[in-house]
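User: I am new to this structure and would like to learn how to read it, one feature at a time. Could you take me through it?

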Amino acid sequence: MADKKRRRADSDSDSASQPFKNLLKSDAQILKILKSVTSSSSSSTSKPLTLADLALSATCREVSDLSLSSVQSTIEALVLQLTHQILSGQGFSFTVPSRSSSNQLYVPELDRIVLKDKSTVRPFSHISSVRKTTITAKILSLVHQLCLKNIHVTKRDLFYTDVKLFQDQVQSDAVLDDVSCILGCTRSSLNVIAAEKGVVVGRLIFSDNGDMIDCTKMGMGGKAIPPNIDRVGDMQSDALFILLVEKDAAYIRLAEDRFYNRFPCIIVTAKGQPDVATRLFLKKMKMELKLPVLALVDSDPYGLKILSVYGCGSKNMSYDSANLTTPDIKWLGIRPSDLDKYKIPEQCRLPMTEQDIKTGKDLLEEDFVKKNPGWVEELNLMVKTKQKAEIQALSSFGFQYLSEVYLPLKLQQQDWL
Amino acid sequence: MESECPTETKKGKSKTPKKAKESILKQKSPAEFFAENKNIAGFDNPGKCLYTTVRELVENALDSAEAISELPVIEITIEEIVKSKFNSMIGLVDRERVDEELYDDYETAKAREKRLAKEARAQEIQAKNAALGKKVKEHAVSKSSKGRGEASFYRVTCRDNGRGMPHDDIPNMFGRVLSGTKYGLKQTRGKFGLGAKMALIWSKMSTGLPIEISSSMRGQNYLSFCRLDIDIHRNIPHIHLHEKRDNKDKWRGAEIQVVIEGNWTTYRSKILHYMRQMAVITPYAQFLFKFVSDAPDKNVTIKFARRTDVMPPVPVETKHHPSSVDILLIKRLIAETSKQNLMQFLQHEFVNIGKPLAERLIGEMGPEFSPKTAVKSLTDQQIVRIHQLFRQAKFDDPSGDCLSPAGEYNLRLGIIKELHPDMVATYSGSAQVFEGHPFIVEAGVSVGGKDVKQGLNIFRFANRIPLLFEQGGDVVTRTALKRISWNNYKINQTQDKIGVFVSIVSTKIPFKGTGKEYIGDDISEIASAVKSAIQQCCIQLKSKIVKKMQAREQQERKRNLSKYIPDATNAVYDVLKEMAKSHASKKKRYEEGDADILRKVSDHLITKETLYEKLTQHVEKVDYEMALEYATQTGVREEPREDIYLESLDDKGNFFDFHSPIFVFRLFL
């Protein structure tokens, strides 16, 4: 604590170089504001809607968690069907739910993307689909083995079982998602996991495969988010909010400064585009702890895109959006309007490339952006000024400006959308 | 163009007397100027000199034949002359070296010891390898490095079937720099109008030997022979021999022979490339190229045969476009014109100025101008005013009628003839304008072929001559490399053998640099014309390539499908086997149809092979059906036919004609 006092005293002297520092109220006052927000938000959460509630279950497709044995028997039934087809001399084919963007639907009531019911036939005896059909059969047989042996493997393991056939991990990964859709189960129930990518640090205690983990005592790097969510349970926390960070660099800054001790919170990052495990973990935290989720992303179209993947799901995995999406994520920063508000110097802003502007304009057409007028306004501002900035742009006021001024001020003003 | 030479001459003059204490005013002749600055005409070093000499002679020969609309037949011979032969030619006795140490290539005793030891080692290794039965390449041990003094000499002879030269004009045509016939405003091959004169200056500088010219024109019953060199200081011809000889064979054309210092070893490939590319752009000409030396294995003989008898029209001389002239040029036109007043002058000395426009222009010039103003009485200020107005006023673009592009047909034939590509597409753009000069861009793109390296092979032509040097900065190279997305046209930029041919013709080619070897990338009119011409070719190719890919897909469908049968059957069978196991151990119950299959699997009645066979049969059936469908859809479609050119035989010998109602079959005996 003595250390902290000294640092505070020091920083007062250089308030000129850290603008807006004088606006900051005391930590206690900010905490009080936060507490009132948290209590009001936790009381308002209700049971989430489902497709059935909206009478959409007939036209939309959704998968569910299946037990290992039911996955196995579904595969077996499918294989028997294939065998019948082959023996009758008709070759064989799969009927695969289409995951193309034309088959996606944003449902505003659910605030997430769902998959419509269009399917494509993947016949073996056609030159354009023979490869994918063969890979699908191969993946089915591999998953069947996993079911028999009751083990987990990574996507990379799966790829290495037949590198010659798969050629590229992208191909086996894509077919794995197809297989989930065909079987109607989540990807986790196929016993195939992705390598750990996300990390969490802060006021959270949970059990991982029976071991209790205290995320305040995980060192600077934090705890890697376990790839299979079914091992995770018993979540406890005294945090006031969850802080979702896009970038590893900002995460390290906050973790090292022990930001979660000053304002009790849980800090999560997936280091860029989120993987399935991180999304499942965030959802679980939100559901069990009922905390508001605040997102800290870059002020560029990709930052907002990442935010939308957490919130509404990705098109690639929309079949499982019910399990993967976390509703009601607030956009804390860095927002395009912050660039002028916090007087971020010109040399720290970057001009948007033509590709960036195109992505930005495309996002403006997306329903999940349109539903939030605040976001539309911010995005319009970004496309108009043609400027973007990374979280690191704040380092121009000192490396700790983010944790010591920017975030506390944002929290104090409840400046999120 | 010619106007820049005298000005440069003056510049050269001002440089030389710097060292002298009293500066003496010296006059320099144009010939002297070019002798000192021979690099601006492409005579940088002995190798390049040989290349440029060949090039100038070939281009003159082509111009000469085209001027009388005769299909060109050109023979070019380079004969290597060894030093002793050269010495005897000039009447110099070969002298043995007396004071060995005087020479640059003298080998000291120490160096010789070293060399002998090295050679002995090499021999030892070779002997060892031979003993072990290894085959070793015989590498030439004796690499005679040329000393400074060891120059190589070449006799370059070029013979054509062109117009020939008037007997009395020959000395001035070769012995006086900056006197020429190509000084009008038209599309020409020549660079400075220097042509063979530079070769003569170079021969005088390097060997001291004169040039020999034989020529005969149509209707002349004699042959002109002339041996001359040039008096560089006075820029006048120095005639050794000038006589009329018998022309027994009624030969018409010209033969020029010059002996120069050169370097065949380093410029061999450049010269051969030049000949090949010239053959591409002039398929109506026949070239015979020979290299003769004492070593028979070094000799080269290449015949570039004629493939068509369609020649592009002779480019016509045109008048200047008002937006392309400068003050100096206006003054010259005024001095030369036969018209009296301003009105007539404007109408007759420029293109795109009609009577009404001339009246409006004169009205705009100001009160001191009138249509009746005597053109020769215009003051300097008035000329500046005319020039200003020409710069600002709007004129119609000049037409491309005065240009003579190679023609799509000829370009295409040339590419097919020399590269034998799998596919070729050509495109000819319409005339466009840059600074008052019309230009036409033609392009050809080929895929595949003989002697073509993978990736982009770029062939550039300006006014129908190949450009070989300074490829990197050229507008064509840059466009092809950076601005064409080959992938869009199903062409692989690194794997496919792509030939890109771009020919630009204009009354003035905007060359960059002193050597006039490339066209800059900074002229947006030309850059965009080049880009769109190449793209047009690519679009044509794309449909061909797609069709070809479809046809290939047809052929390879069965193979591509069958390739996956083992993987697919293995995957299905693996699951079946596991299921059969659990079925046998009664772990799981199945419906009757399914149980039947599983029983057969455990009894080996259904095996991997069964599935394999069934799937193979299915693939064969599908393949047959699809092939049938493809055939009915596409029908029997053939590529459009192309005219072929058969060279006529000049043999007037014996033959029989077999006549039939539709053809004549001629049998030569």
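Analyst: What follows is a short walk through strands, salt bridges, cavities and contacts in a predicted model.

User: Let us begin with strands; how does β9 of chain A pair with β10 of chain A, in what sense and over how many bridges?

Analyst: When reading a pair of strands, look at the sense in which they run and at the residues that face each other. In chain A, strand β9 (residues 205-208) and strand β10 (residues 211-214) pair in the antiparallel sense, with four bridges between them. Within this pair, A:Phe206 stands opposite A:Ile213, a residue of β10(A).

User: What should I look for in the hairpin of β9(A) and β10(A), and how many residues are between the strands?

Analyst: In a hairpin, the turn deserves a look of its own. Here two residues lie between β9(A) and β10(A), and A:Asn209 takes a positive phi near 55 degrees.

User: In what order do the strands of the open sheet of three strands in chain A come?

Analyst: The order of a sheet is read across it, from strand to strand. In this open sheet of chain A, the order is β1-β4-β3, and the pairing is antiparallel. Its edge strands are β1 (60-61) and β3 (104-107) of chain A, each of which pairs on one side only. Between β1(A) and strand β4 (residues 112-116) of chain A there are two bridges, with the strands running antiparallel, and A:Cys60 is found opposite A:Lys116 of β4(A).

User: Now to charges: how many salt bridges does the structure hold over all chains?

Analyst: Over all chains, the structure holds 51 salt bridges.

User: Why do A:Arg99 and A:Asp178 count as buried?

Analyst: The cut-off for buried is under 20% relative accessible area. A:Arg99 counts as buried because its relative accessibility is 17%, and A:Asp178 is buried because its relative accessible area is 5%.

Another case in chain A is the salt bridge of A:Lys223 with A:Asp208, whose closest N and O atoms are 3.3 Å apart. Here too the pair links distant parts of the chain, with A:Lys223 in strand β11 (residues 223-224) and A:Asp208 in strand β9, 15 residues apart. A:Lys223 is buried, with a relative accessible area of 13%, and A:Asp208 counts as buried at 9%.

User: Which parts of chain B does the pair of B:Lys331 and B:Asp380 tie together?

Analyst: B:Lys331 and B:Asp380 form a salt bridge in which the closest N and O atoms are 3.6 Å apart. B:Lys331 lies in helix α9 (residues 327-336) and B:Asp380 in helix α12 (residues 380-392) of chain B, so the pair ties together parts that are 49 residues apart in sequence. With a relative accessibility of 34%, B:Lys331 counts as partly exposed, and B:Asp380 is partly exposed at 47%.

User: Which element gives the most to the lining of the largest cavity, and how is the lining made up by class?

Analyst: α10(A) gives the most, with three residues. By class, the lining has nine nonpolar, two polar and three charged residues. At least three lining residues come from each of domain 1 (60-193) and domain 2 (196-413) of chain A.

Definitions and conventions. Residues numbered from 1 in each chain as written. Chains lettered and ligands numbered in written order. Predicted model: local features only at pLDDT ≥ 70, side-chain atom pairs only at ≥ 80, totals over all residues. Heavy atoms only, no water. Pairing = 2+ DSSP bridges. Salt bridge = Lys/Arg side-chain N within 4 Å of Asp/Glu carboxyl O. Buried < 20%, exposed > 50% of the residue type's maximum accessible area, 1.4 Å probe, protein only. Nonpolar A, V, L, I, M, F, W, Y, C, P; charged D, E, K, R; others polar. Domains from an automatic or database assignment.
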